[in-house]
Structure formats: C-alpha cells, structure tokens
Amino acid sequence: MFSKTRVTETRPSTSPAPAGTSAAPDQPLPERPTPEMAAAPVSAPKPRSAPSILSADLHVTGNLKTQGDVQIEGIVEGDIRAHQLTIGESATIKGEIVADDVVVHGRVVGRLRGLKVRLTASARVEGDIIHKTIAIESGAHFEGSVQRQDDPLSNGITKKLAPPTSD
C-alpha cells in the first residue's frame, strides 16, 4: 500500500513578519523594486490554448495564417501557416503547408514544410516534404521528394533548377 511520507526539511514561514524584522535570519530582506525592475516584463509561460478546429463540412478557399494550433477536418484550397497543424482523416488540403509540427491523417496536395512532420497510416501526400525530422507510418501513401534541412521554415523557398534551354 502507498503511504504519505513526511517532509523533514524546514520550510520558510509564510506569515508576514513585523516591519523591520525578517522572517528568517539567514535570508536577505526583499529588495525594493526599482523603476527598471518595474518596467521589465515578467516572463511567465503562456498557457496553451485549444486548437482552432475547421469541421468536416467546412470548405475554405483562401490562405490560413496563425501562430496557434489548428486542426482541419474539412477542405482547404490555399496555403496554411501555423504553429501546430493536424490534418484529420476526412480533410483535404490543396496548397503549401508551413508549420512547426505537422501531423497528417488525411490528404495533402502540395508542398509541406515543417520542423517535425508525421504521416500516419491513413495519410495521402502528393508533393514535396521539407523537414527537420520526419516519421512515416506503414500504410501511408506518399508521392514526391523528401528533403532534410536544419531550418525548413527559414525562408519558405527551396532552390529550383533552371529550366533547360533548347538550342
């Protein structure tokens, strides 16, 4: 059976000390805030919000751009830029995808750029994938090229060969 263990180390008192005294003799008094300290932003981690969801009955024609997370179950004809993108099994994307983290369960026709790309067994991708890390599950359908880059999101442009000249 599990039992609670007692913590034996001493903890500082949380009750306020009278003015002019400190709560613990070995702890320094808190510093008075200076104007520079008051102006400095407090860097607390931002809470993760729920992803935006585009339902299966939604058909979007145009580009989507967000710094948040998106889950797509419908059809998007246009480019998508997001932090984390999940493409559902019923989804179809026709355009370029640029995201930090991409999980594909559905169909993508176009280039896919991501730091972390995952094609599940139900994925159908027709286009090039530029990635830092990639995982392709057994059963995924993929037609195109795969290229690893340290920073696939940097400029959004890959080098293309010049068309052949006919003399």
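**A tour of the paired strands and salt bridges**

The structure holds four salt bridges, a salt bridge being a side-chain nitrogen of Lys or Arg within 4 Å of a carboxyl oxygen of Asp or Glu. The model is predicted: local features need pLDDT of at least 70 and side-chain atom pairs count only at pLDDT 80 or more, while totals for chains, interfaces and linings use all residues. Residues are numbered from 1 along each chain as its sequence is written, and side-chain values use heavy atoms, with hydrogens and water left out.

**The six-stranded sheet**

Select β2, β5, β7, β9, β11 and β13, which form, in that order, an open sheet of six strands with parallel pairing. Its edge strands, each pairing on one side only, are β2 (59-61) and β13 (141-143). From one strand to the next the twist averages 5°. Strands here are DSSP runs (E, at least two residues), numbered from the N terminus, and two of them pair if DSSP finds at least two bridges between them. Axes are lines fitted to C-alpha atoms, and angles run from 0 to 180 degrees between N-to-C directions.

Within this sheet, select residues 92-94 and 107-109: these are strands β7 and β9, which run parallel and are joined by three bridges. Opposite Thr 92 stands Arg 107 of β9.

**Strand β6 and its partners**

Next, select residues 80-87, strand β6, together with residues 64-65, strand β3; the two pair in the parallel sense over two bridges. Leu 64 stands opposite Ile 80 of β6. Ala 82 has its bridge partner, Ala 99, in β8.

**The salt bridges**

Display the side chains of Arg 111 and Glu 96, which meet in a salt bridge (3.5 Å, N to O). Arg 111 lies in the loop between β9 and β10 (112-119) and Glu 96 in the loop between β7 and β8, so the pair ties together parts that are 15 residues apart in sequence.

Move to Glu 137 and Arg 118, whose side chains meet in a salt bridge (3.6 Å, N to O). Glu 137 is in the loop between β12 (129-136) and β13 and Arg 118 is in strand β10, so this pair ties together parts that are 19 residues apart in sequence.

Finally, select Asp 150 and Arg 148, whose side chains form a salt bridge (2.8 Å, N to O). Asp 150 is exposed at 57% relative accessibility, whereas Arg 148 is partly exposed at 49%; buried means under 20% relative accessible area, exposed over 50% and partly exposed in between (1.4 Å probe, protein chains only).

How values were computed: Helices (H or I, at least four residues) and strands (E, at least two) are DSSP runs, numbered from the N terminus.
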